[in-house]
Structure formats: C-alpha cells, structure tokens
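Please open the structure in your viewer and keep the selection tool at hand.

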Amino acid sequence: MYGRQIVPADYEVPERLEGPGYHLRMLSVTDLDKDFEAVVASADRLRGLLDPDSPWPDGITKEEDLIDLAWHQREFTIRHSFAYTVMSADESRCLGCMYIFPSDRRGYDAKVFYWARSGTDADARDEDLGRLIRNWLHTRWPFASVAYPGRDIAWNEWAKLPPRRW
C-alpha cells in the first residue's frame with residue numbers, strides 16, 4: 001500500500017478520539033498496569049478476538065503484556081499498525097482497546113479489532129465503541145475498505161478470501 005506503512009506518509013494520524021465518558025489514544029508501555037488488569041479481567045471476551053484458534057490471553061504474564069505493548073507502540077510510531085487504548089475520561093481505568101492492522105486479504109486496506117472491558121454493561125459499551133470507531137475510520141482515515149473479521153465477516157469466510165499480495 002504505502003511501503004510497509006498502511007497510511008500515506010503525509011497523513012496526520014489522529015492522536016485521540018473522544019467518546020462519551022472515555023477516549024482513545026495511542027497504547028503505550030506506560031499503560032501496562034491498567035492494560036494488564038483489563039486484559040486479565042476480560043479474558044473470556046478476548047479469547048479468539050484476533051484469531052479464532054488463539055487462546056490469547058489465557059496465561060498471559062505481565063512481562064508478555066509489556067512486550068505486546070512495546071510492539072504496539074513501535075508499530076504505531078513507524079505507521080505499520082495502530083493500537084489505541086480506550087481509557088476512562090480521567091485515565092484511571094482501561095476500558096478496552098482498538099487495533100488497526102494492514103489487511104492480509106485482498107479487497108481490504110485494513111482489518112480492525114476492538115473490545116470493551118468485561119462488566120455489567122460490556123455488550124452495550126462494545127456496541128457504542130464499535131459505532132464510534134466505525135464512524136471515525138470512515139470519516140477520518142484514508143482507507144477505502146476496512147474489514148472487521150469475526151464481527152462483520154465470519155472467520156471461516158475471512159479465511160476463504162484470497163491473500164493479499166505484497
């Protein structure tokens with residue numbers, strides 16, 4: 001698409017997205033404690049999110065989460081992928097995450113995953129977060145076509161799509 005970058009070099013990557021009582025901003029290593037707590041508390045919601053055959057985050061350690069966060073932070077800074085944390089308005093609690101990756105299937109520029117932290121209103125928050133993210137990606141980002149594997153397209157159908165040639 002743009003070398004390994006998934007957006008043009010002159011595209012100004014959004015730093016923040018405001019939601020009702022929360023916001024999204026770049027996920028970084030400084031979020032370790034809050035992210036780890038949210039991931040562990042939401043393990044049942046996360047299992048299979050990024051890959052239906054993956055047991056992640058089962059058994060994740062804090063050290064492994066730190067490695068993941070460092071990787072996400074670096075990928076963001078070199079524009080290869082973008083991971084945003086969903087934080088409460090006062091930054092006291094991680095409420096979820098959103099990931100923008102280059103698509104590995106033809107017909108899509110990017111594939112996007114998002115999740116809301118487990119809790120009594122998790123499904124409603126997930127739905128609200130999804131609407132906000134979809135609108136943001138449609139109106140603010142330079143992608144012609146975004147896929148939401150596991151949500152808008154079943155994993156078995158996603159796997160049948162032709163691979164993207166790099």
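This is a predicted model: local features need pLDDT of at least 70, side-chain atom pairs count only at pLDDT 80 or more; totals for chains, interfaces and linings use all residues.

Rings of Phe, Tyr and Trp, the last taken by its six-membered ring, count as a pair if their centres lie within 6.5 Å.

**Aromatic residues**

Select Tyr11, Phe76, Phe82, Tyr84, Trp136, Trp141 and Phe143; together they form one aromatic cluster. The structure as a whole holds 14 aromatic pairs. Next, select Tyr99 and Phe101, whose ring centres are 6.0 Å apart. Their planes meet at 5°, so this pair is classed as stacked. In general, a pair of aromatic rings is described by the distance of the centres and the angle of the planes. Are Tyr99 and Phe101 buried or exposed? Tyr99 has a relative accessibility of 4% and therefore counts as buried. Phe101, at 14%, likewise counts as buried, because the limit for that class is under 20%.

**Helices α1 and α3**

Now select residues 32–41, which make up helix α1, and residues 62–77, which make up helix α3. At what angle do the axes of these two helices cross? The axes come within 10 Å and cross at roughly 115°, which means that α1 is roughly perpendicular to α3. The crossing of α1 past α3 is right-handed. To display the contact, show the side chains of Leu32, Asp33, Asp35 and Phe36 on α1, together with Lys62, Asp65, Leu66 and Leu69 on α3. Sorted by class, this contact comprises four nonpolar and four charged residues, with no polar ones.

**Asp31**

Move to Asp31, in the loop between β2 (22–26) and α1. The relative accessible area of Asp31 is 3%, so this residue is buried. Which residues does Asp31 touch, leaving aside those up to four places away in sequence? They are Arg25, Met26, Leu69, Thr85 and Met87.

**Arg45**

Finally, select Arg45 in helix α2, which spans residues 43–46. Arg45 is partly exposed, with a relative accessible area of 29%. Beyond residues up to four places away in sequence, Arg45 touches Ala116, Arg117, Ser118, Ala122, Asp123 and Asp126.

Key
Residues are numbered from 1 along each chain as its sequence is written. Side-chain values use heavy atoms; hydrogens and water are left out. Axes are lines fitted to C-alpha atoms, for helices over the stretch in contact, and angles run from 0 to 180 degrees between N-to-C directions. Helices (H or I, at least four residues) and strands (E, at least two) are DSSP runs, numbered from the N terminus. Angles under 35 degrees count as roughly parallel, over 145 as roughly antiparallel, 65 to 115 as roughly perpendicular and the rest as oblique. A crossing is left-handed if the near helix is turned anticlockwise from the far one by less than a right angle, and right-handed if clockwise. Contact means heavy atoms within 4.5 Å. Ala, Val, Leu, Ile, Met, Phe, Trp, Tyr, Cys and Pro count as nonpolar, Asp, Glu, Lys and Arg as charged, and the others, Gly among them, as polar. Rings of Phe, Tyr and Trp (its six-membered ring) pair if their centres lie within 6.5 Å; planes under 30 degrees apart count as stacked, over 60 as edge-to-face and the rest as tilted. Buried means under 20% relative accessible area, exposed over 50%, partly exposed in between (1.4 Å probe, protein chains only).
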